[in-house]
Amino acid sequence: MKINNLGYLIKEGIRGIFLHGFMSFAAVCVTVACLLIVGTFSSLMYNLSIMVEDLNKTNEIMVYVDENLSDAEARSIGTYINRIENVQQATFVSREQALEDFVAEYGESNIFDGTDASYLRHRFSVTLVDNHLLEETTQAIRGISGVADISAAYELAEGFSTLQDVLQIASVVVVTVLLIVSLLIISNTVKLAMYDRRDEIAVMKMVGATNGFIRLPFVVEGFILGMLGAAVAFAAEWIMYDALVGRINAVDSLKLFSFVPFTQMMLPMVATFAAAGLFVGVVGSWTSIRKFMDV
Amino acid sequence: MIEFTNVTKSYSVGTHALRGVTMQIEDGEFAFLVGPSGSGKSTIIKLITGELKPTSGTVHVNGYSLERIRKREVPYLRRTVGVVFQDFRLIETKTVYDNVAFAMRAIGARTREIRERVPYILELVGLETKSRRHPTELSGGEQQRLAIARALVNNPSTIIADEPTGNLDPARSYEIMTLLQEINNLGTTMLVVTHERDLVERFSKRVIAINEGVVVHDGMDGYYRL
């Protein structure tokens, strides 16, 4: 490939986009549609997984302290609990505070009237980093001297963990399948565009054009169309996401859902869209043209 | 120079297109290749342009041995052989000028060379006033002139014209044949494949007649029998 041809070939690639306007438009539309489906599903799954994770973090375990320890000794156990790797935070709850909490929770029934706080134990409310490791973490806490008992919702934690795992696997599988289907659809659209220009390719072969000379304008064209599709899909995804989240937040007065801002997902999404656009544009046109080169 | 030595070509379906063809066309020569449909003419063209390889025998075209040519050498072979087709095969989206310039671009010619050469070639084929037109705006004869200009622009040593007058009326056919003869007079080897006995007889050139894959006549008198 001579360097003085490079400018011409790039110009030809750009010219081809406008010259075959309908096919270019179709290729961009298909790219946008496919990437929008992938992007929407990915952001939905990401938000769901964040919500489940947040919910999981509210699943506390209660660590009861031996009643024979003094207040100071009881509080000092918190240092040991916090040193355990999977512990996110251990908050000391004195027996007086615990009673107040019970009264506040069941106040209307008066069942705690006349109850003395000395019947209760000092305790720690402990949240974990990863609830998958609940069993191991409780074992470690149990080993700390002065810990009398532990109360943990093992089944609930396991339920959350299973839900998280299922969501993770489902999102990987669905996004992969959607991505493959999208690539096939886009690749076929590129092939159609090539088919539309098979005569042109045959003439180029006939006059002695090298394969590189023939390919480059198509690859430039594929690159531009792929990146254009990715850019449009990204902008549309952002606008749609913000609009949808805004609508949901407006009607969700109980704050049941919490969506991450789009900017938090922006970088991986830009990278994925750009890679997909680049891949389908360049690889799609490169491989599609091969079929028409055998003249 | 084009040289076929005992060339056979069989297709996978079992058709024997050529059966021991031997012929030689010298540099600067003008020859007609004639024969009925299915006689093997197209196979000969495809062998010359490197689209096919012979089953046996040897084919030499302008210094390339076609029986062992590498795929990446084929474009360079084709630059030495200009091909003109009955159906012109022009790029309709390009102008007359660009159709010709495109062939030069394909071999990496510089813009300055293209600007000098293309008007000269268009003048040679009589299309200098139509350089901004598109092929669909030209008559059949003009389209064939454009196809000849494109085949000629890279200064190939050989031109293969495959039924170049098949879509033209007798007057335009004669004009095209005259143009091909003028190009031959400038030193380009010319092989014209045709069905048209009248034209062949009128130009009194070498005639290679082929039938059922065998050369049945090779003479200089312009007459042939099949």
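In chain B, confidence is lowest in helix 7 (residues 197-203), at a mean of 88, and highest in strand 4 (residues 56-61), at 97. These values are pLDDT, the predictor's confidence in each residue, from 0 to 100. Helices (H or I, at least four residues) and strands (E, at least two) are DSSP runs, numbered from the N terminus. The mean pLDDT of chain B is 92, with 98% of its residues at 70 or more. The model as a whole scores ipTM 0.80 and pTM 0.68.

This is a predicted model, in which local features need pLDDT of at least 70 and side-chain atom pairs count only at pLDDT 80 or more, while totals for chains, interfaces and linings use all residues. Residues are numbered from 1 along each chain as its sequence is written, and chains are lettered from A and ligands numbered from 1 in the order in which they are written.

Chain A contains nine helices and four strands. Along the sequence they follow the pattern α-α-β-α-β-α-β-α-β-α-α-α-α. Of its 295 residues, 29% count as buried, that is, with 20 or more other C-beta atoms within 10 Å of their own; 12 or fewer make a residue exposed, anything in between partly exposed, and C-beta atoms are placed from the backbone.

Helix 9 of chain A (residues 262-293) has 32 residues. From first C-alpha to last it reaches 44 Å, close to the 46 Å expected at 1.5 Å a residue, where the expected span is 1.5 Å times one less than the number of residues. This helix bends by about 35° at P268(A), the bend being the angle between axes fitted to the seven residues ending there and the seven starting there. Among the buried residues of helix 9 are M269(A), F273(A), V280(A), I289(A) and F292(A).

Chain A also touches chain B. The contact takes 16 residues from chain B and 15 residues from chain A; two residues are in contact if their C-beta atoms, placed from the backbone, lie within 7 Å. On the chain B side, the elements giving two or more residues are helix 2 (74-78) and helix 3 (96-105). Helix 2 of chain B gives the largest share, three residues.

Within chain B, T8(B) is found in strand 1 (residues 2-10). T8(B) is partly exposed because 15 other C-beta atoms lie within 10 Å. Although eleven residues apart in sequence, T8(B) and R19(B) are 4.7 Å apart in space, C-alpha to C-alpha. Beyond its neighbours within four places in sequence, T8(B) is in contact with residues including L18(B), R19(B), P54(B) and G57(B).
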